[in-house]
Amino acid sequence: MSESRILLYYRFTPLADPTSVMLWQRTLCESLGLRGRIIISRHGINGTVGGSLASVKTYIRRTREYPGFHDMEFKWSQGSADDFPKLSVKVRDEIVTFGAADDLEVDENGVVGGGVHLTPTQVNELVAERAAKGEDVVFFDGRNAMEAAIGHFRDAVVPDATTTRDFLGELDSGKYDELKDRPVVTYCTGGVRCEVLSKLMIDRGFSEVYQLDGGIVRYGEQFADTGLWEGSLYVFDKRMHMEFSDDATQLGHCLHCGSATNTYRNCVNDDCRDMILLCDSCAADPATAHCGSQGCLEVTSAGPRRG
Ligand SMILES: [Zn+2]
Ligand SMILES: [Zn+2]
(Lines give C-alpha, C1' and ligand atoms only; values in the text may rest on other atoms or scores of the structure.)
(Ligands and ions follow the chains in the order given, each with its own letter.)
Protein backbone atom coordinates (compact mmCIF):
# COMPACT_ATOMS: atom_id res chain seq x y z
CA MET A 1 0.00 0.00 0.00
CA SER A 2 1.40 3.39 -0.92
CA GLU A 3 1.74 6.15 1.66
CA SER A 4 -0.45 9.24 1.64
CA ARG A 5 -0.69 12.59 3.46
CA ILE A 6 -2.82 15.70 3.98
CA LEU A 7 -1.31 19.17 3.57
CA LEU A 8 -2.53 22.37 5.26
CA TYR A 9 -1.20 25.72 4.10
CA TYR A 10 -1.93 29.38 3.49
CA ARG A 11 -0.08 32.41 2.21
CA PHE A 12 -1.17 36.02 2.16
CA THR A 13 0.41 37.62 -0.92
CA PRO A 14 -1.02 39.93 -3.61
CA LEU A 15 -2.43 37.96 -6.57
CA ALA A 16 -3.14 40.19 -9.55
CA ASP A 17 -5.12 37.49 -11.36
CA PRO A 18 -6.76 35.07 -8.89
CA THR A 19 -8.68 33.32 -11.69
CA SER A 20 -5.55 32.25 -13.54
CA VAL A 21 -4.03 31.00 -10.25
CA MET A 22 -7.25 29.05 -9.61
CA LEU A 23 -7.16 27.41 -13.07
CA TRP A 24 -3.47 26.53 -12.68
CA GLN A 25 -4.05 25.04 -9.19
CA ARG A 26 -7.07 23.06 -10.35
CA THR A 27 -5.18 21.56 -13.28
CA LEU A 28 -2.19 20.79 -11.06
CA CYS A 29 -4.35 19.03 -8.43
CA GLU A 30 -6.31 17.10 -11.05
CA SER A 31 -3.13 15.89 -12.73
CA LEU A 32 -1.82 14.62 -9.37
CA GLY A 33 -5.09 13.02 -8.21
CA LEU A 34 -5.37 15.32 -5.16
CA ARG A 35 -8.64 16.09 -3.44
CA GLY A 36 -9.52 18.82 -0.95
CA ARG A 37 -10.45 22.46 -0.79
CA ILE A 38 -8.48 25.47 -2.01
CA ILE A 39 -9.66 29.09 -1.79
CA ILE A 40 -7.93 31.83 -3.74
CA SER A 41 -8.51 35.58 -3.54
CA ARG A 42 -6.61 38.68 -4.56
CA HIS A 43 -5.00 38.41 -1.07
CA GLY A 44 -3.58 34.90 -1.38
CA ILE A 45 -4.32 31.19 -1.04
CA ASN A 46 -5.70 28.93 1.74
CA GLY A 47 -5.87 25.21 1.19
CA THR A 48 -5.99 21.67 2.45
CA VAL A 49 -5.41 18.77 0.06
CA GLY A 50 -4.76 15.05 0.40
CA GLY A 51 -3.13 12.50 -1.86
CA SER A 52 -0.27 10.05 -2.27
CA LEU A 53 3.03 11.01 -0.69
CA ALA A 54 4.65 11.35 -4.13
CA SER A 55 1.79 13.55 -5.37
CA VAL A 56 1.78 15.94 -2.41
CA LYS A 57 5.57 16.30 -2.68
CA THR A 58 5.22 17.19 -6.37
CA TYR A 59 2.36 19.56 -5.48
CA ILE A 60 4.56 21.44 -2.98
CA ARG A 61 7.45 21.70 -5.43
CA ARG A 62 5.27 22.95 -8.29
CA THR A 63 3.28 25.37 -6.10
CA ARG A 64 6.48 26.92 -4.72
CA GLU A 65 7.63 27.65 -8.28
CA TYR A 66 5.09 30.48 -8.28
CA PRO A 67 6.99 33.56 -7.00
CA GLY A 68 4.38 34.62 -4.42
CA PHE A 69 4.29 31.11 -2.93
CA HIS A 70 8.01 30.29 -2.93
CA ASP A 71 8.38 30.43 0.86
CA MET A 72 4.93 29.06 1.74
CA GLU A 73 4.98 26.66 4.70
CA PHE A 74 3.11 23.37 4.50
CA LYS A 75 1.86 21.49 7.57
CA TRP A 76 1.72 17.73 7.11
CA SER A 77 -0.77 15.39 8.70
CA GLN A 78 -1.91 11.79 8.37
CA GLY A 79 -4.69 11.21 5.84
CA SER A 80 -5.36 10.85 2.15
CA ALA A 81 -7.49 12.05 -0.76
CA ASP A 82 -10.26 9.82 0.61
CA ASP A 83 -10.72 12.19 3.56
CA PHE A 84 -12.28 14.68 1.12
CA PRO A 85 -15.46 14.20 -0.93
CA LYS A 86 -13.96 15.93 -3.99
CA LEU A 87 -11.60 18.58 -5.27
CA SER A 88 -12.86 22.16 -4.92
CA VAL A 89 -10.73 25.08 -6.13
CA LYS A 90 -12.52 28.43 -5.98
CA VAL A 91 -11.98 32.18 -6.21
CA ARG A 92 -13.63 34.12 -3.38
CA ASP A 93 -13.50 37.66 -1.96
CA GLU A 94 -11.54 36.44 1.07
CA ILE A 95 -9.47 33.35 1.87
CA VAL A 96 -11.03 33.44 5.37
CA THR A 97 -14.51 34.93 5.52
CA PHE A 98 -14.56 37.79 8.03
CA GLY A 99 -16.61 40.02 5.71
CA ALA A 100 -13.69 42.46 5.72
CA ALA A 101 -12.15 42.07 2.26
CA ASP A 102 -11.81 45.80 1.72
CA ASP A 103 -10.16 46.38 5.12
CA LEU A 104 -7.31 44.05 4.25
CA GLU A 105 -4.06 45.15 2.67
CA VAL A 106 -1.54 42.54 1.66
CA ASP A 107 2.01 42.85 0.34
CA GLU A 108 4.77 40.31 -0.41
CA ASN A 109 5.42 39.95 3.35
CA GLY A 110 1.78 39.09 4.13
CA VAL A 111 -1.00 41.04 5.84
CA VAL A 112 -0.05 44.70 6.41
CA GLY A 113 -0.56 45.90 9.99
CA GLY A 114 -1.31 42.53 11.63
CA GLY A 115 -0.33 41.36 15.12
CA VAL A 116 3.26 40.40 15.97
CA HIS A 117 3.92 36.72 15.25
CA LEU A 118 5.09 34.71 18.25
CA THR A 119 6.37 31.13 18.18
CA PRO A 120 4.93 28.77 20.81
CA THR A 121 8.09 29.25 22.92
CA GLN A 122 7.82 33.04 22.64
CA VAL A 123 4.19 32.90 23.79
CA ASN A 124 5.22 31.00 26.94
CA GLU A 125 8.06 33.47 27.52
CA LEU A 126 5.72 36.46 27.13
CA VAL A 127 3.27 35.00 29.64
CA ALA A 128 6.06 34.24 32.16
CA GLU A 129 7.70 37.65 31.68
CA ARG A 130 4.48 39.56 32.28
CA ALA A 131 3.43 37.32 35.18
CA ALA A 132 6.69 38.30 36.90
CA LYS A 133 5.46 41.91 36.71
CA GLY A 134 2.02 40.95 37.99
CA GLU A 135 0.41 41.35 34.58
CA ASP A 136 -1.88 38.86 32.80
CA VAL A 137 -1.54 38.13 29.10
CA VAL A 138 -5.00 37.60 27.58
CA PHE A 139 -5.58 34.73 25.16
CA PHE A 140 -8.25 35.64 22.58
CA ASP A 141 -9.81 32.72 20.72
CA GLY A 142 -10.08 33.38 16.97
CA ARG A 143 -12.33 30.38 16.36
CA ASN A 144 -16.04 29.73 16.66
CA ALA A 145 -17.36 29.24 20.20
CA MET A 146 -18.23 25.65 19.37
CA GLU A 147 -14.58 24.84 18.63
CA ALA A 148 -13.49 26.48 21.89
CA ALA A 149 -16.01 24.53 23.98
CA ILE A 150 -13.81 21.42 23.91
CA GLY A 151 -10.39 23.10 24.14
CA HIS A 152 -8.80 26.52 24.53
CA PHE A 153 -5.82 28.32 26.05
CA ARG A 154 -5.90 28.84 29.81
CA ASP A 155 -8.48 31.48 30.84
CA ALA A 156 -9.01 32.44 27.18
CA VAL A 157 -11.59 34.98 26.09
CA VAL A 158 -14.00 33.17 23.75
CA PRO A 159 -16.06 35.50 21.55
CA ASP A 160 -19.70 34.68 20.94
CA ALA A 161 -19.13 33.64 17.32
CA THR A 162 -21.02 31.01 15.38
CA THR A 163 -19.06 31.77 12.20
CA THR A 164 -16.01 33.87 11.38
CA ARG A 165 -18.38 36.54 10.03
CA ASP A 166 -19.53 37.23 13.63
CA PHE A 167 -16.14 38.62 14.74
CA LEU A 168 -16.55 42.13 13.34
CA GLY A 169 -19.81 42.62 15.25
CA GLU A 170 -18.25 41.16 18.39
CA LEU A 171 -15.25 43.51 18.21
CA ASP A 172 -17.49 46.53 17.57
CA SER A 173 -19.90 45.61 20.39
CA GLY A 174 -17.70 47.17 23.08
CA LYS A 175 -17.61 43.88 25.05
CA TYR A 176 -13.85 43.59 24.74
CA ASP A 177 -12.88 47.26 25.09
CA GLU A 178 -11.20 46.63 28.45
CA LEU A 179 -8.64 44.50 26.58
CA LYS A 180 -7.53 47.41 24.41
CA ASP A 181 -4.63 48.41 26.65
CA ARG A 182 -3.65 44.88 27.68
CA PRO A 183 -1.37 42.32 25.96
CA VAL A 184 -3.56 40.04 23.82
CA VAL A 185 -2.48 36.83 22.05
CA THR A 186 -4.86 35.71 19.31
CA TYR A 187 -4.85 32.05 18.35
CA CYS A 188 -6.70 29.70 16.00
CA THR A 189 -6.25 26.20 14.56
CA GLY A 190 -3.40 26.79 12.10
CA GLY A 191 -2.88 30.56 12.21
CA VAL A 192 -4.73 31.80 9.12
CA ARG A 193 -7.72 33.32 10.91
CA CYS A 194 -5.49 35.31 13.30
CA GLU A 195 -3.66 36.93 10.39
CA VAL A 196 -6.88 38.84 9.67
CA LEU A 197 -8.36 38.96 13.19
CA SER A 198 -5.23 40.54 14.73
CA LYS A 199 -5.24 43.23 12.04
CA LEU A 200 -8.95 43.98 12.63
CA MET A 201 -8.26 44.30 16.38
CA ILE A 202 -5.33 46.68 15.86
CA ASP A 203 -7.51 48.79 13.53
CA ARG A 204 -10.03 49.06 16.38
CA GLY A 205 -7.57 50.33 18.95
CA PHE A 206 -6.25 47.17 20.63
CA SER A 207 -2.75 48.37 21.43
CA GLU A 208 -0.67 45.21 22.03
CA VAL A 209 -1.78 42.35 19.79
CA TYR A 210 0.19 39.16 19.09
CA GLN A 211 -0.70 36.10 17.03
CA LEU A 212 0.35 32.51 17.67
CA ASP A 213 2.43 31.47 14.67
CA GLY A 214 1.35 28.08 13.28
CA GLY A 215 -1.68 28.11 15.58
CA ILE A 216 -2.75 25.51 18.13
CA VAL A 217 -1.46 22.75 15.82
CA ARG A 218 2.14 23.90 16.17
CA TYR A 219 1.79 24.75 19.87
CA GLY A 220 0.43 21.26 20.56
CA GLU A 221 3.18 19.59 18.54
CA GLN A 222 5.71 21.35 20.73
CA PHE A 223 4.15 21.40 24.21
CA ALA A 224 1.26 18.87 24.04
CA ASP A 225 -0.54 19.16 27.40
CA THR A 226 2.38 20.47 29.43
CA GLY A 227 1.97 24.15 28.45
CA LEU A 228 -0.87 26.66 28.45
CA TRP A 229 -3.22 24.74 26.13
CA GLU A 230 -6.10 22.82 27.71
CA GLY A 231 -8.40 20.18 26.22
CA SER A 232 -9.05 18.89 22.70
CA LEU A 233 -8.49 20.53 19.33
CA TYR A 234 -11.57 20.65 17.11
CA VAL A 235 -10.64 19.52 13.57
CA PHE A 236 -12.56 19.83 10.31
CA ASP A 237 -12.42 16.25 9.10
CA LYS A 238 -14.10 13.05 10.10
CA ARG A 239 -12.05 12.73 13.30
CA MET A 240 -13.89 15.85 14.69
CA HIS A 241 -11.36 16.32 17.50
CA MET A 242 -7.79 15.40 18.41
CA GLU A 243 -5.74 15.36 21.58
CA PHE A 244 -2.03 16.12 21.94
CA SER A 245 -1.45 13.50 24.65
CA ASP A 246 -3.24 11.03 26.90
CA ASP A 247 -3.25 13.73 29.59
CA ALA A 248 -5.71 15.99 27.72
CA THR A 249 -8.59 17.13 29.91
CA GLN A 250 -12.17 16.90 28.63
CA LEU A 251 -13.56 20.43 28.81
CA GLY A 252 -16.84 19.82 26.99
CA HIS A 253 -20.04 18.75 28.71
CA CYS A 254 -22.88 16.59 27.48
CA LEU A 255 -25.90 18.75 26.64
CA HIS A 256 -28.25 16.41 28.49
CA CYS A 257 -26.47 14.88 31.49
CA GLY A 258 -23.53 17.24 31.90
CA SER A 259 -20.87 14.55 31.97
CA ALA A 260 -17.48 15.28 30.39
CA THR A 261 -17.21 14.71 26.62
CA ASN A 262 -15.28 16.09 23.66
CA THR A 263 -17.42 14.55 20.95
CA TYR A 264 -19.72 16.58 18.71
CA ARG A 265 -22.56 14.73 17.06
CA ASN A 266 -25.43 15.76 14.81
CA CYS A 267 -28.91 16.15 16.30
CA VAL A 268 -30.79 12.93 15.55
CA ASN A 269 -33.57 14.92 13.81
CA ASP A 270 -32.66 14.76 10.10
CA ASP A 271 -34.25 18.16 9.49
CA CYS A 272 -31.98 19.74 12.12
CA ARG A 273 -28.59 17.99 12.22
CA ASP A 274 -27.22 20.72 14.54
CA MET A 275 -23.84 19.87 16.04
CA ILE A 276 -24.14 19.16 19.77
CA LEU A 277 -21.90 17.77 22.50
CA LEU A 278 -23.25 14.41 23.64
CA CYS A 279 -21.80 11.69 25.84
CA ASP A 280 -21.87 8.11 24.51
CA SER A 281 -24.84 7.00 26.59
CA CYS A 282 -27.06 10.03 25.83
CA ALA A 283 -26.18 9.63 22.12
CA ALA A 284 -27.23 5.97 22.24
CA ASP A 285 -30.67 6.78 23.69
CA PRO A 286 -33.19 8.16 21.17
CA ALA A 287 -34.81 10.20 23.96
CA THR A 288 -31.60 12.22 24.45
CA ALA A 289 -29.95 12.14 21.01
CA HIS A 290 -31.50 15.49 20.02
CA CYS A 291 -30.35 19.11 20.35
CA GLY A 292 -32.96 20.08 22.93
CA SER A 293 -35.02 22.42 20.76
CA GLN A 294 -38.78 21.99 21.05
CA GLY A 295 -39.19 20.78 17.46
CA CYS A 296 -36.47 18.15 17.76
CA LEU A 297 -37.74 17.03 21.15
CA GLU A 298 -41.20 16.43 19.64
CA VAL A 299 -39.83 14.61 16.62
CA THR A 300 -37.76 12.23 18.74
CA SER A 301 -40.44 11.62 21.38
CA ALA A 302 -43.15 10.98 18.79
CA GLY A 303 -41.64 7.59 18.02
CA PRO A 304 -42.15 5.81 14.69
CA ARG A 305 -44.83 7.43 12.54
CA ARG A 306 -48.00 5.43 11.99
CA GLY A 307 -49.16 4.85 8.45
ZN1 LIG B 1 -24.96 12.56 28.53
ZN1 LIG C 1 -32.18 19.51 16.60
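Reader: Before we start, what do buried, exposed and partly exposed mean here?

Author: Buried means under 20% relative accessible area, exposed means over 50%, and partly exposed is whatever falls in between. Please keep in mind that this is a predicted model.

Reader: How many salt bridges does a search of the whole structure find?

Author: The search finds 18 salt bridges. Among them is the one in which the side chains of Glu3 and Arg5 meet, at 3.1 Å from N to O. Glu3 is partly exposed at 47% relative accessibility, whereas Arg5 is buried with a relative accessible area of 18%.

Reader: Which distant parts of the chain does the pair of Glu147 and Arg193 link?

Author: Glu147 and Arg193 form a salt bridge whose closest N and O atoms are 3.0 Å apart. Glu147 sits in helix α4 (residues 145-148) and Arg193 in helix α6 (residues 192-203), so that the pair links parts of the chain 46 residues apart.

Reader: Are Glu147 and Arg193 buried or exposed?

Author: Both Glu147 and Arg193 are buried.

Reader: Which residues are linked in a network of salt bridges?

Author: Such a network links Glu73, Asp213 and Arg218.

Reader: Switching to the metal, what are the protein donors of the zinc ion (ligand 2)?

Author: The protein donors are the SG atoms of Cys267, Cys272, Cys291 and Cys296, which lie 2.2 to 2.4 Å from the zinc ion (ligand 2). Along the chain, these donors follow the spacing C-x4-C-x18-C-x4-C.

Reader: Where do Cys272 and Cys296 lie?

Author: Cys272 lies in the loop between β16 (264-266) and β17 (275-277), while Cys296 lies in helix α9 (residues 294-301), so the pair ties together parts that are 24 residues apart in sequence. Cys272 is partly exposed at 21% relative accessibility, but Cys296 is buried, with a relative accessible area of 4%.

Technical notes. Residues are numbered from 1 along each chain as its sequence is written. Chains are lettered from A and ligands numbered from 1 in the order in which they are written. This is a predicted model: local features need pLDDT of at least 70, side-chain atom pairs count only at pLDDT 80 or more; totals for chains, interfaces and linings use all residues. Side-chain values use heavy atoms; hydrogens and water are left out. Donors are N, O and S atoms within 2.8 Å of the metal (3.2 Å for Na, K and Ca); water is not among the atoms, so sites may look incomplete. Helices (H or I, at least four residues) and strands (E, at least two) are DSSP runs, numbered from the N terminus. Buried means under 20% relative accessible area, exposed over 50%, partly exposed in between (1.4 Å probe, protein chains only). A salt bridge is a side-chain nitrogen of Lys or Arg within 4 Å of a carboxyl oxygen of Asp or Glu.
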